[in-house]
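Hi everyone, thanks for having me. Let me put a structure up on the screen, and then we can walk through some of its parts together.

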Amino acid sequence: LVFEKAPLSEILDEVERFYGIKIRLLNRNLAEETLTAAFANLPLSTVLESLSLSCGTAYKARSENQIDFGISIEGGS
């Protein structure tokens with residue numbers, strides 16, 4: 001998976017297809033954020049962690065095949 005200045009929405013679509021999962025983007029403001037990244041033979045969790053760090057957000061698996069992405073990272077309590 002190689003992306004050059006690609007919108008996050010397109011990256012997540014491709015990650016869905018590649019790994020056979022469904023990703024729900026919770027923060028639509030992130031959809032057009034562009035990223036450049038390359039992922040080769042990495043576990044899904046590594047890809048999602050990298051994307052989360054790049055976007056300053058978090059993700060959570062709702063089930064084995066469903067991921068919520070774009071969870072707000074709250075400081076404090």
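Predicted model: local features only at pLDDT ≥ 70, side-chain atom pairs only at ≥ 80, totals over all residues.

Before we start, a word on the labels: helices, marked H, and strands, marked E, are DSSP runs, numbered from the N terminus.

Is Glu32 buried or exposed? Its relative accessibility is 58%, and exposed means over 50%, so Glu32 counts as exposed. If we leave aside neighbours within four places in sequence, Glu32 is in contact with Pro7 and Ser9. Its C-alpha atom is 14 Å from that of Phe69, a residue 37 places away along the chain.

Now compare another glutamate. Glu16 sits in helix H1. With a relative accessible area of 13%, Glu16 is buried, as the cut-off for buried is under 20%. A polar atom of the Glu16 side chain lies 2.6 Å from the backbone nitrogen of Ile23. Beyond its neighbours within four places in sequence, Glu16 is in contact with Ile21, Lys22 and Ile23.

Next, the sheet. Strands of a sheet pair through backbone hydrogen bonds, either parallel or antiparallel. Here we have an open sheet of three strands, in the order E2-E5-E4, with mixed pairing. E2 and E4 are at the edges with a single partner strand each, so one side of each has no neighbour in the sheet. From one strand to the next, the twist averages 25°. E4 and E5 run antiparallel and are joined by five bridges. If you want a pair to look for, find Lys60, which stands opposite Asp68 in E5.

What lies across these strands? H1 lies across E2 and E5, at about 160° to E2. H2 lies across E2, E4 and E5, at about 145° to E4.

Let's finish with H2, residues 44–55. At 1.5 Å a residue, its 12 residues should span 16 Å, and the end C-alpha atoms are 17 Å apart, which agrees. Which residues of H2 are buried? They are Leu44, Val47, Leu48, Leu51, Ser52 and Cys55. Looking down the helix axis, these buried residues fall within an arc of 130°, so they line one face of H2. Their cover includes helix H1 and strands E2, E3, E4 and E5. Just after H2 comes Gly56, with a positive phi of about 65°.

Technical notes: Residues numbered from 1 in each chain as written. Heavy atoms only, no water. Helix = DSSP H or I, 4+ residues; strand = E, 2+ residues; numbered from the N terminus. Expected span 1.5 Å × (residues − 1). Buried < 20%, exposed > 50% of the residue type's maximum accessible area, 1.4 Å probe, protein only. Arc of directions from axis to C-beta. Contact = heavy atoms within 4.5 Å. Polar contact = N/O pair within 3.5 Å; in protein donor to acceptor, adjacent residues only side chain to side chain. Pairing = 2+ DSSP bridges. Axes fitted to C-alpha atoms, helices over the stretch in contact; angles between N-to-C directions.
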